[in-house]
Amino acid sequence: MARAKLKNSPSEINSHVKTVPPATTEDVHGVSPLLPARRMGSLGSDVGQRYCRTFSFLSAHRVQVEFYVNENTFKERLKLFFIKNQRSSLRIRLFNFSLKLLTCLLYIVRVLLDNPAEGIGCGWIASDLLDDASNQTQGNYILLYFFQVSVALISFLETMLLIYLSYKGNIWEQIFRISFILEMINTVPFIITIFWSPLRNLFIPVFLNCWLAKYALENMINDLHRAIQRTQSAMFNQVLILICTLLCLVFTGTCGIQHLERAGDNLSLFKSFYFCIVTFSTVGYGDVTPKIWPSQLLVVIMICVALVVLPLQFEELVYLWMERQKSGGNYSRHRAQTEKHVVLCVSSLKIDLLMDFLNEFYAHPRLQDYYVVILCPTEMDIQVRRVLQIPLWSQRVIYLQGSALKDQDLMRAKMDNGEACFILSSRNEADRTAADHQTILRAWAVKDFAPNCPLYVQILKPENKFHVKFADHVVCEEECKYAMLALNCVCPATSTLITLLVHTSRGQEGQESPEQWQRMYGRCSGNEVYHIRMGDSKFFMEYEGKSFTYAAFHAHKKYGVCLIGIRREENKSILLNPGPRHIMTASDTCFYINITKEENSAFIFKQEEKQKKKGFAGRGIYDGPSRLPVHSIIASMGTVAMDLQNTECRPVNSSKLTLPSENGSGSRRPSIAPVLELADSSSLLPCDLLSDQSEDEMTQSDDEGLTVVEYVKGYPPNSPYIGSSPTLCHLLPVKAPFCCLRLDKGCKHNSYEDAKAYGFKNKLIIVSAETAGNGLYNFIVPLRAYYRSRKELNPIVLLLDNKPENHFLEAICCFPMVYYMEGTIDNLDSLLQCGIIYADNLVVVDKESTMSAEEDYMADAKTIVNVQTMFRLFPSLSIITELTHPSNMRFMQFRAKDSYSLALSKLEKKERENGSNLAFMFRLPFAAGRVFSISMLDTLLYQSFVKDYMITITRLLLGLDTTPGSGYLCAMKITEDDLWIRTYGRLFQKLCSSSAEIPIGIYRTESHMFSTSEVRNSQISINVEDCEDTKDVKEHWNIKTSHHRNSCSSDQSEHPLLRRKSMQWARRLSRKGNKHTSKTAEWISQQRLSLYRRSERQELSELVKNRMKHLGLPTTGYDEMNDHQNTLSYVLINPPPDTRLELNDIVYLIRSDPLAHVSNDSHSRKSSCSKKLDPCNPETRDETQL
């Protein structure tokens, strides 16, 4: 090749020297200099020769440049070895430290060899001793002398070399250093004695080398930290310095007093040491004292030095101790290797967050031996410090002040040895996106430092979730929050149901209360979700090979446990209520709701008495062992019928469990079909899969005959953020224009400007939020899911403080009956325009701008006051409110003089003293599902450490995830026609046998009388509104009282007393006008009576009506609103089978997926089903009537 002919460049000769490359050019005649000669083709060898000459010419003009030549000097090489290089300088300092210790040791040996009685003092080797070597002692002195001189010479040379290397232009700075002066005192005299023997008797205070050894030790520790890249605590360094200072003081005083006392009592080295210890400890026995003035002067000097140096050292030590208390120190490496611990990373630690975590984490028995290491960048709060000083937590919780972004702090927390790391976001930040960014960086830092440590991450906004997909478990706050609030509108108190399920409780709350509902509610709140392998379970083992529905019903009947889902061994997906076609196998993992898990349960069996009822003897499913107590369970099940006759369809919008007819005869007791072991096509109609499709085919409404918009089922085409789960939903065939999404403004497509003009058939759901965040998308999706009937879809109105962005409108424009409007809940006009009088539910979402306040718990002040105003203005409206702090829920629907609320407050305090994790559960707004705080769901992340399936099950219940074959949460209402079922156990059987639905709880509403003057006044005022004629008082009261009896019959016993008191009050007011004339007095009395009869409720009513008239809205809807505030509602999770059903109970159901078992021949089944259902209403219900 042509390159082989070239001369070697300087860079090729010396690989350590960098060269400047020549300018890049094309060679003569356009030939590249990098082209090989054999590839030149027809150019020939003459061109190659010209190329070589030209390149040689260019190479001759190259300039060799050497870099870092200053480091090649002899001084720089020495400096690199002695000072700059970490490891070599560490070795030098270690050698220097050893020399100083050796000199001190040689001095002690010299003192011990001295014999003052023989006249051999501490003066150094005399000339006569050097001349006479016959004596062994004298030989030892000579050997010791040479050792001392050699060490002094080496120390002197090393000191001078370091002075030379560290010289920076000021020689006096080096000379007057204390270390240099001490070095000269201890080394130069020895060197002089080599050449001048008379000076060998000179006393040299070699023991002062202990201070040089202390200085060398400090430098050595610093170099050690640099060399191994590991920083010890400053506390350790300071303690080491303090100890070395004390040792140097004691050693200097001991050697000095021993030498000076040679002219006195000839104290031995041990007695001098004893004297120094007694003196410095301020004991002062006085048995050993210096006798001559030089030694006494030395003692005075040493005490003064100690009084100056030691306090400074102790002050530094105390300061570092206080700083360590703030920062938390380190988590022991030995403890990390022998004990288990988890790390909690937070940006700021509040007492509520800490107690929620500790109570939930340590509620599990197998976590009692775990340590919790808290890593927080802020200083420990005073309340947190007090809690962590409690012996219960002080032994198990360790607080470290530090950042998760520093490897140094992660090493202090021993993150690489941790069992798990919980990273929580600061939800009280004004900028929640910035809080998420901090959480993401913490997660990345922990994953980079300890890749094998399981991560449990809490994120606030859904659009940031995909950044932490690598974490083992992720909980997105806004996703869960909006989905839960949406389900609250169709399944009342879903938030309470989920909150109780994810909290650890033993069900002991409220058991000492005199109220029956509190005892039942508290007992059922102890139910949680557990799992067990079916082959290892006593609950479910006997149902192997049987259908899921059969196993669920009989496990509930026999043991009181509610089987809600399974997971196949070969499939990691959890299926809620997979339906009767799922056959149970021994390898299935069963998920069930119970007070405690099966491993902690004791089984007591007894043989039940054989039942004598008709028809029961021929059926054995109720015989045999059963869980105690069962005296009322079997009796409540009724007679079992074997026939499956008169199967017919039911309307979808009907929630009644129709009383079965027994072949036209009403004499037989109502019966319920048995739950079959295996699915039967005759008992479970396939037409339920097609019910909504038949609705979609309808283009005429049943009552008006007007054309309605057809909906299609599909997946939303536009997701507002990455990572949202695809859900099959009801969609518009064509996306709605953005202008049509505005509720209060007409456009060219329609002229509607208020909710009344749209003529919605169903009640509205209004959502009040500050901004149209991506989380609102998760509010809409569960309410538009494919499994909800088209005729049951509620219009959704988004009441937003700020105008939504186009990307959000693009995401929601495909959903039917979704609108938005700009306005706030503190503006009455905005509420009226968005159709609040036509709404069943108003959801008030916590606003980001109010989440942070100077006083923490004041963050909810504006929301609470606004909701209280709406509570007064619209008493029949169901308001669902999200709060920042759960403790503020006691102010929701506040009644100042309500004795019942005060009693509940005392009960809450009592439960908190008993250590309950759910002390707030008895507050009426929470029990009724009308208030919610996202911090209640923090326990979901904590529980996932023990129950790794809880996040998945919660997302399935909320509709955030849709797994093929998994059911969904819904609700049905018990009406008068359904009361023939009588008990929850019979309802369980009815639902399992007819529609394969699994009930999991009851939402119960009871009437309750609040004995307050406020409520009484409001009850009267509601019925006297719109009364303008006040002339005939008696006639007016009679009319209004009769109206009140008709509207609120439950309160009739109180009305006569209230009327009597009100009339007496009015008469007393009228008597005050006797000073006027009779006509004037009569007029004033009538005006006063009219004025005082205008109650607060009436004034509010007139205010609303006046605003509606001003806006051009009809007031008819507001006139129909009644006050239903005198009720209390609560949730019963998995109640006992003998629980009596009551009117208006709402039963939570897990309904199987309608599309789970659609086979290839679904078209043939659809045609056969349509033939059967011709005489029936085409709107069908997935339930069989027997």
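**Salt bridges and a helix pair**

R923 forms a salt bridge with E908, the closest N and O atoms being 2.5 Å apart; a salt bridge here is a side-chain nitrogen of Lys or Arg within 4 Å of a carboxyl oxygen of Asp or Glu. The model is predicted, so local features need pLDDT of at least 70 and side-chain atom pairs pLDDT 80 or more, while totals for chains, interfaces and linings use all residues. Residues are numbered from 1 along each chain as its sequence is written, and side-chain values use heavy atoms, without hydrogens and water.

Helices are DSSP runs of H or I with at least four residues, strands are E runs of at least two, and both are numbered from the N terminus. R923 and E908 are both buried (under 20% relative accessible area; exposed is over 50%, partly exposed in between, with a 1.4 Å probe and protein chains only).

The whole structure holds 23 salt bridges. In another, the side chains of D588 and R568 meet at 3.0 Å, N to O. D588 lies in the loop between strand 9 (574-576) and strand 10 (589-594), and R568 in the loop between strand 8 (562-567) and strand 9, so the pair ties together parts that are 20 residues apart in sequence. D588 is buried, at 0% relative accessible area, whereas R568 is partly exposed, at 21%.

Turning to helices, T549, A552, F553 and H556 in helix 22 meet Y984, G985, F988, Q989 and C992 in helix 34, where contact means heavy atoms within 4.5 Å.
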